[in-house]
Amino acid sequence: MGQWLVENWFNLISTGGIIASLLFTAFALHSETKTRRIANLLAITANHRELWQKLFSHPELVRIIDPKADIFKQPITPVEELFVNMVISHTSGVHEALEDELLTKQEGLKRDVKTFFSLPIPKAEV
């Protein structure tokens, strides 16, 4: 055994180095994936905040979240339609990112989406 180590020490160290570098690469890739998911979540959150700030800064859009909005008495306006389409686009992007595991899953997201799209104006637009 001692003779074999003397003859193959370089191969043994090289193999150990290769294995260590592969383990380090795997760890770095895992860490990068986690970092990217968090960065994506922050970007999605910023887009979400910007979208909903539009709703609250334009009083004519507040009717979109009114569960008693009567779209027959007062039809959906082009501005409301545009806002709902932006929410649909945003939600679609988030869904794709979740499907591709580019985001961390969020508690209550399905419930929030279901609640929004069950409101009279979004429901009519979908």
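A pocket here is an open set of points on a 1 Å grid over the protein atoms alone, with protein on both sides within 12 Å along at least five of seven lines; its lining residues have an atom within 4 Å of a point. Its volume is the space filled by probe spheres set on the points, which are joined across faces, edges and corners.

This is a predicted model, so local features need pLDDT of at least 70 and side-chain atom pairs count only at pLDDT 80 or more, while totals for chains, interfaces and linings use all residues. Residues are numbered from 1 along each chain as its sequence is written, and side-chain values use heavy atoms, with hydrogens and water left out.

**Exercise 1. Work out how big the largest pocket is and what lines it.**

Step 1: the volume comes to about 720 Å³.

Step 2: look at the lining, which has 25 residues; Val94, Leu98, Leu109, Lys110 and Val113 lie nearest the centre.

Step 3: sort the lining by class. You get 12 nonpolar, 8 polar and 5 charged residues (Ala, Val, Leu, Ile, Met, Phe, Trp, Tyr, Cys and Pro are nonpolar; Asp, Glu, Lys and Arg are charged; the others, Gly among them, are polar).

Step 4: trace the lining back to helices (DSSP runs of H or I, at least four residues, numbered from the N terminus). Helix 1, helix 2 and helix 3 (109-117) each supply at least two residues, and helix 2 gives the largest share, 7 residues.

**Exercise 2. Find out how the radius of gyration of the protein compares with that of a compact globule.**

Step 1: check the extents; the C-alpha trace spans about 95 × 25 × 20 Å along its principal axes.

Step 2: pick a pair. Ala20 and Asp112 sit 92 residues apart in sequence and 45 Å apart in space, C-alpha to C-alpha.

**Exercise 3. Describe the aromatic pair of Trp52 and Phe83.**

Step 1: apply the rule: ring centres (six-membered ring for Trp) within 6.5 Å, planes under 30 degrees apart stacked, over 60 edge-to-face, the rest tilted. Trp52 and Phe83 are edge-to-face, at 5.5 Å centre to centre and 75° between the planes.

Step 2: Trp52 is in helix 1 (residues 2-57) and Phe83 in helix 2 (residues 78-99), 31 residues apart.

Step 3: check burial. Both Trp52 and Phe83 are buried (under 20% relative accessible area with a 1.4 Å probe, protein chains only; exposed is over 50%, partly exposed in between).

Key:
1 Å grid on protein atoms, 1.4 Å probe; cavity = no way out; pocket = protein on both sides within 12 Å on 5 of 7 lines; lining within 4 Å. Rg over C-alpha atoms; globule rule 2.2 N^0.38 Å.
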